[in-house]
Amino acid sequence: RGVGPRDIKPEIVLISICDEALFAKLVDFGLAMRPANSLYDAAETVTFGTPGYIAPEQIAVGLSEACPATDIYSVGSILYELVCGKLPFAGHCGETILKAQLEGEIRPFVWREYLKNTPEEVRCELEKIIRHALSPHIWERYLSASDFRRELGRIKVPVMPLPHDDVMAELWDCATHQADA
């Protein structure tokens with residue numbers, strides 16, 4: 001529909017299951033940006049978003065450059081967090097995380113325990129795709145969500161059971177308590 005969310009983070013992504021397929025849905029467009037040719041003047045905006053997930057062009061002054069690659073960066077950050085269990089950028093506060101993002105300082109990939117048995121070639125390919133999505137330079141990222149999805153779709157991931165770590169237990173508790181309410 002021509003609107004980019006611009007602040008994609010785990011808290012706004014809902015996962016649903018339909019006919020044994022997983023679907024991700026965004027539930028918050030609070031920082032959404034209309035296309036550049038709309039009446040909206042992006043030059044009047046200021047830097048805002050969630051450190052660790054917003055793209056470098058959102059941190060720097062050139063926010064008007066926001067495009068699909070901006071949201072691809074955020075999804076890359078979420079994917080890194082899914083496979084490694086933490087943000088791709090080290091820092092003890094928002095300011096140091098933002099600095100690491102601007103400098104493109106991605107932490108080394110240390111795979112979560114439940115993914116360590118994934119074939120090496122799958123982990124290497126996924127790491128390459130995530131690094132591409134997390135490039136600090138907008139012109140070096142995937143140009144569209146379709147391109148990003150196509151690359152992810154090329155990976156032949158073996159069927160694995162869902163992890164039974166603390167994160168999954170917490171998600172399950174949250175989901176079941178909300179259903180009871």
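1. E140 is partly exposed, with a relative accessible area of 41%. The scale runs as follows: buried is under 20%, exposed is over 50%, and partly exposed lies in between, using a 1.4 Å probe and protein chains only. E140 sits in the loop between α4 (120–133) and α5 (145–153). Helices here are DSSP runs of H or I with at least four residues, numbered from the N terminus, as are strands (E, at least two).

2. A word on the model. It is predicted, so to speak: local features need pLDDT of at least 70, side-chain atom pairs count only at pLDDT 80 or more, and totals for chains, interfaces and linings use all residues. Residues are numbered from 1 along each chain as its sequence is written, and side-chain values use heavy atoms, with hydrogens and water left out.

3. What does E140 touch? Leaving aside neighbours within four places in sequence, E140 is in contact (heavy atoms within 4.5 Å) with H132 and S135. E140 and A69 are 71 residues apart in sequence, and their C-alpha atoms are 9.1 Å apart in space.

4. Next, the aromatic rings. The whole structure holds four aromatic pairs. Rings of Phe, Tyr and Trp (its six-membered ring) pair if their centres lie within 6.5 Å; planes under 30 degrees apart are stacked, over 60 edge-to-face, and the rest tilted. Y80 and F109 form an edge-to-face pair, 4.7 Å centre to centre with 75 degrees between the planes. This pair links distant parts of the chain. Y80 belongs to helix α2 (residues 68–84), while F109 lies in the loop between α3 (94–103) and α4, 29 residues apart.

5. F109 also pairs with W111. That pair is tilted: 5.9 Å centre to centre, 40 degrees between the planes. Y80, F109 and W111 form one aromatic cluster. Are these residues buried or exposed? Y80 is buried at a relative accessible area of 0%, F109 is buried at 13%, and W111 is buried at 9%.

6. Y80 also takes part in the packing of α2 on α4. The two helices pack at an angle of about 145 degrees, with axes 8 Å apart. Axes are lines fitted to C-alpha atoms, for helices over the stretch in contact, and angles run from 0 to 180 degrees between N-to-C directions. From α2 come I72, Y73, G76, L79, Y80 and V83; from α4 come L126, I130 and A133. By class, this contact has eight nonpolar residues, one polar and no charged. Nonpolar covers Ala, Val, Leu, Ile, Met, Phe, Trp, Tyr, Cys and Pro; charged covers Asp, Glu, Lys and Arg; the others, Gly among them, are polar.
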